[in-house]
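Please have the chain open while you read.

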Amino acid sequence: CPLEPMLYCIGASEDWPTEFCGPSSEVETRYTVISMIAMFLHWLLLIDMAVFAMKLSAFVLVVQHVLSEVGRFCVAMMFLLVTFASAVTCLRHGKREFGDLWDSGICLFSITVGLYEGDFREYTETPSLLAAVFFFVTVSVILLINLLIAQLNCSYQATYQDMLGFARLNRGKILAETMPSV
């Protein structure tokens with residue numbers, strides 16, 4: 001494989017079975033990214049092993065079903081982020097973190113997930129900015145995240161009983177597909 005760093009180290013290093021040498025540094029990043037993707041796909045394929053435990057298989061099917069709810073939440077959150085980020089950049093406030101659309105979106109997202117390290121007392125000289133940020137926090141954190149939790153709870157309870165039957169059908173389908181190759 002032309003991306004294998006160990007092959008680049010043949011003759012370049014005294015302690016040869018190694019992948020850390022000067023010539024291998026040019027392919028190291030690509031190799032690690034491809035290795036990460038391969039490992040992710042490997043573990044993703046192991047989800048098919050869930051058919052051996054019926055409740056685990058039903059849980060995997062419920063998670064696949066509930067991901068649509070999470071997708072809707074992400075779309076709504078992106079809409080709110082773009083809306084409030086573009087609105088806040090129109091204000092004349094002089095704050096660097098809200099200077100353009102991209103920085104405003106990142107700052108509002110970090111406020112939503114609780115990673116914002118700034119202090120809201122810095123915004124007291126611009127009450128319109130403070131009001132916009134508080135309104136965004138109210139809508140995104142209090143309303144949307146609680147709505148997501150309620151939707152996931154209701155969706156899980158409503159589909160779990162049906163998924164036990166679907167899990168049995170899924171097990172039969174996988175067995176029927178696997179039997180010809182055995």
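Residues are numbered from 1 along each chain as its sequence is written, and side-chain values use heavy atoms, with hydrogens and water left out. Local features in this predicted model need pLDDT of at least 70 and side-chain atom pairs count only at pLDDT 80 or more, while totals for chains, interfaces and linings use all residues.

Reader: How are α3 and α5 oriented to each other?
Author: Helix α3 covers residues 54–90 and helix α5 covers residues 127–178. Helices here are DSSP runs of H or I with at least four residues, numbered from the N terminus. The two axes, which are lines fitted to C-alpha atoms over the stretch in contact, come within 6 Å and cross at roughly 160°. Angles run from 0 to 180 degrees between N-to-C directions, and those over 145 count as roughly antiparallel (under 35 is roughly parallel, 65 to 115 roughly perpendicular, the rest oblique), so α3 and α5 are roughly antiparallel.

Reader: Is the crossing of α4 and α5 left-handed or right-handed?
Author: The axes of α4 (residues 101–113) and α5 come within 10 Å and cross at roughly 50°. That makes α4 oblique to α5. A crossing is left-handed if the near helix is turned anticlockwise from the far one by less than a right angle, and right-handed if clockwise. The crossing of α4 and α5 is right-handed.

Reader: At what angle do α3 and α4 pack?
Author: α3 passes α4 in a right-handed crossing. Their axes are 8 Å apart, and the two helices are oblique to each other. The packing angle is about 125°.

Reader: Which side chain meets Arg72 in a salt bridge?
Author: Side chains of opposite charge can pair when their charged atoms come close. A salt bridge is a side-chain nitrogen of Lys or Arg within 4 Å of a carboxyl oxygen of Asp or Glu, and a search of the whole structure finds one. Both partners lie in helix α3, three residues apart, about one turn of the helix. At 3.0 Å, N to O, the partner of Arg72 is Glu69.

Reader: Is Glu69 buried or exposed?
Author: Buried means under 20% relative accessible area, exposed over 50%, and partly exposed in between (1.4 Å probe, protein chains only). Glu69 has a relative accessibility of 13%, so Glu69 counts as buried.

Reader: How far apart in space are Met163 and Leu61?
Author: Met163 lies in helix α5 and, at 9% relative accessibility, counts as buried. Met163 and Leu61 are 102 residues apart in sequence. In space, C-alpha to C-alpha, they are separated by 6.5 Å.

Reader: How far apart in space are Asn153 and Phe73?
Author: Asn153 is also a residue of helix α5, and it is partly exposed, with a relative accessible area of 42%. Asn153 and Phe73 are 80 residues apart in sequence. Their distance in space, C-alpha to C-alpha, is 14 Å.

Reader: What distance separates the C-alpha atoms of Asp100 and Phe52?
Author: Asp100 lies in the loop between α3 and α4 and counts as partly exposed at 38% relative accessibility. Along the chain, Asp100 and Phe52 are 48 residues apart. Their C-alpha atoms are separated by 52 Å.
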